[in-house]
Amino acid sequence: MFCVRIAGKLGSGMRRVLVLLLAFVAVGNLRAAGVGILHERRSSASDLEVGGELKGLPAGSARYVRYEDLLRLPQERYTVSDDSNLKGRAEIQGVALETLARLLGGAPGSSAEYLMVVAICSDEYRTNYPREYVAAHHPVLVLRINGEGPEKWPASEYGGPLGPYLISHPVFKPAFKVHSHEDEAQVPFSVTRIEFRREALVFGAIAPRGSVVPEMVEQGYTIARQDCFRCHNMGAEGGTMAGKSWIELGTMAEEDGRRFRQTIRNPTSVKAGAKMPAHADYDDATLDALAAYFRTFAGTGRTR
């Protein structure tokens with residue numbers, strides 16, 4: 001707790017440097033004490049599953065980190081007021097995603113390429129945290145809210161639990177805008193697994209098809225990469241919560257553009273009970289960019 005109190009008195013830049021330095025010390029102390037934080041078996045529902053490329057393990061391995069071990073890592077504490085998962089002002093405490101990536105990410109023989117954090121929720125919603133997003137927003141894996149553990153957290157807006165883990169930020173200010181799509185806060189709840197993945201590999205699955213990529217297609221890719229990829233998958237990459245693949249979206253954009261656009265703007269008008277959030281604020285230019293991008297996946301011969 002000493003590191004939390006000291007970090008709170010420093011500027012944000014110096015605080016992140018201090019936390020990262022303390023992270024290396026913490027791992028050294030854990031190893032010196034003979035306490036491993038990566039376990040082969042789950043011991044509790046509160047254990048965080050981790051996978052992808054893990055330090056000291058073959059790529060694709062999966063392990064579990066206990067809640068109490070996460071609390072032993074360098075902590076960050078912030079008072080937040082702009083998180084949609086929390087009501088009003090709340091004090092959060094947790095581990096920065098960049099700290100987790102430095103401590104746990106990196107399989108033997110892997111390149112020095114940045115390992116992106118991927119958060120996976122109990123409903124297969126999946127959030128990616130690329131390098132530029134982490135640098136701009138400094139997301140945190142939340143362990144405590146107002147001093148309380150997950151068992152005492154309020155319910156989500158959908159009535160289910162916020163825990164066992166959620167991700168938040170010290171403060172969120174959009175870093176980019178493409179037409180009417182503005183950089184969105186990536187704040188998943190009910191997070192059960194964290195993966196450390198090669199950014200180029202994950203996003204390569206949905207990179208625009210074609211040797212020459214028009215600007216409109218690139219714009220659509222930027223939007224879809226942040227938004228659509230959370231619920232829709234391309235093969236093994238992306239979320240599967242929606243149950244509709246990237247290829248299916250591409251086919252819809254190609255064969256029924258009106259339905260494609262209406263599904264984005266007002267999904268319940270196309271399918272009663274649709275859980276997809278409406279994007280009524282998306283203007284025609286934004287929808288044109290998305291349609292142009294997804295059409296590059298139509299007719300690829302793949303079905304998933």
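Trainee: Which residue does the side chain of Glu184 meet in a salt bridge?
Mentor: This is a predicted model, where local features need pLDDT of at least 70 and side-chain atom pairs count only at pLDDT 80 or more, while totals for chains, interfaces and linings use all residues. Residues are numbered from 1 along each chain as its sequence is written, and side-chain values use heavy atoms, with hydrogens and water left out. A salt bridge is a side-chain nitrogen of Lys or Arg within 4 Å of a carboxyl oxygen of Asp or Glu. With 3.0 Å from N to O, the partner of Glu184 is Arg230.

Trainee: How many residues apart in sequence are the parts that Glu184 and Arg230 tie together?
Mentor: Helices (H or I, at least four residues) and strands (E, at least two) are DSSP runs, numbered from the N terminus. Glu184 lies in the loop between β10 (181-182) and β11, and Arg230 in the loop between α7 (215-226) and β12 (233-234), so the distance along the sequence between these parts is 46 residues.

Trainee: Does Arg230 count as buried or exposed?
Mentor: Buried means under 20% relative accessible area, exposed over 50%, and partly exposed in between (1.4 Å probe, protein chains only). Glu184, at 22%, is partly exposed. Arg230 has a relative accessibility of 12%, so Arg230 counts as buried.

Trainee: How many residues apart are Glu195 in strand β11 and Arg126 in strand β6?
Mentor: Glu195 forms a salt bridge with Arg126, and their closest N and O atoms are 3.9 Å apart. The pair links distant parts of the chain, since Glu195 is in β11 (residues 191-198) and Arg126 in β6 (residues 126-129), and the separation is 69 residues.

Trainee: Which residue forms a salt bridge with Glu91?
Mentor: The closest N and O atoms of this pair are 3.7 Å apart, and the partner of Glu91 is Arg77. The pair links distant parts of the chain, 14 residues apart: Glu91 is in strand β4 (residues 90-96), and in strand β3 (residues 76-80) is Arg77.

Trainee: What is the order of the strands in the open sheet of five strands?
Mentor: Strands of a sheet pair through backbone hydrogen bonds, either parallel or antiparallel. Two strands count as paired if DSSP finds at least two bridges between them. Here the pairing is mixed, and the order is β2-β1-β11-β5-β6.

Trainee: Which are the edge strands?
Mentor: An edge strand here pairs on one side only. That holds for β2 (61-65) and β6.

Trainee: In β11, what is the bridge partner of Gly51?
Mentor: Strand β1 (residues 48-52) is joined to β2 by five bridges and runs antiparallel to it. β1 also pairs with β11, in the parallel sense, over four bridges. In that pairing, Gly51 is partnered by Glu195.

Trainee: In β11, what is the bridge partner of Val117?
Mentor: Strand β5 (residues 115-121) pairs with β11 in the antiparallel sense, over seven bridges. Six of the eight residues of β11 are buried, so this strand is largely enclosed by the rest of the structure. The partner of Val117 in β11 is Phe196.

Trainee: How far away from Cys121 is the nearest cysteine sulfur?
Mentor: A disulfide is a pair of cysteine sulfur atoms within 2.5 Å. The structure holds zero disulfides. Cys121 is in no disulfide, and the sulfur nearest to it, that of Cys231, lies at 9.3 Å.

Trainee: How far away from Cys228 is the nearest cysteine sulfur?
Mentor: Cys228 is also in no disulfide. The nearest cysteine sulfur is again that of Cys231, at a distance of 8.9 Å.

Trainee: Within what arc do the buried residues of α9 fall?
Mentor: In helix α9 (residues 257-265), the buried residues are Phe260, Thr263 and Ile264. The arc is that of the directions from the helix axis to the C-beta atoms. Seen down the axis, these residues line one face of the helix, because they fall within 95°.

Trainee: Which helices do the buried residues of α9 pack against?
Mentor: Contact means heavy atoms within 4.5 Å. The helices packed against are α8 (246-255), α10 (267-270) and α11 (284-295).
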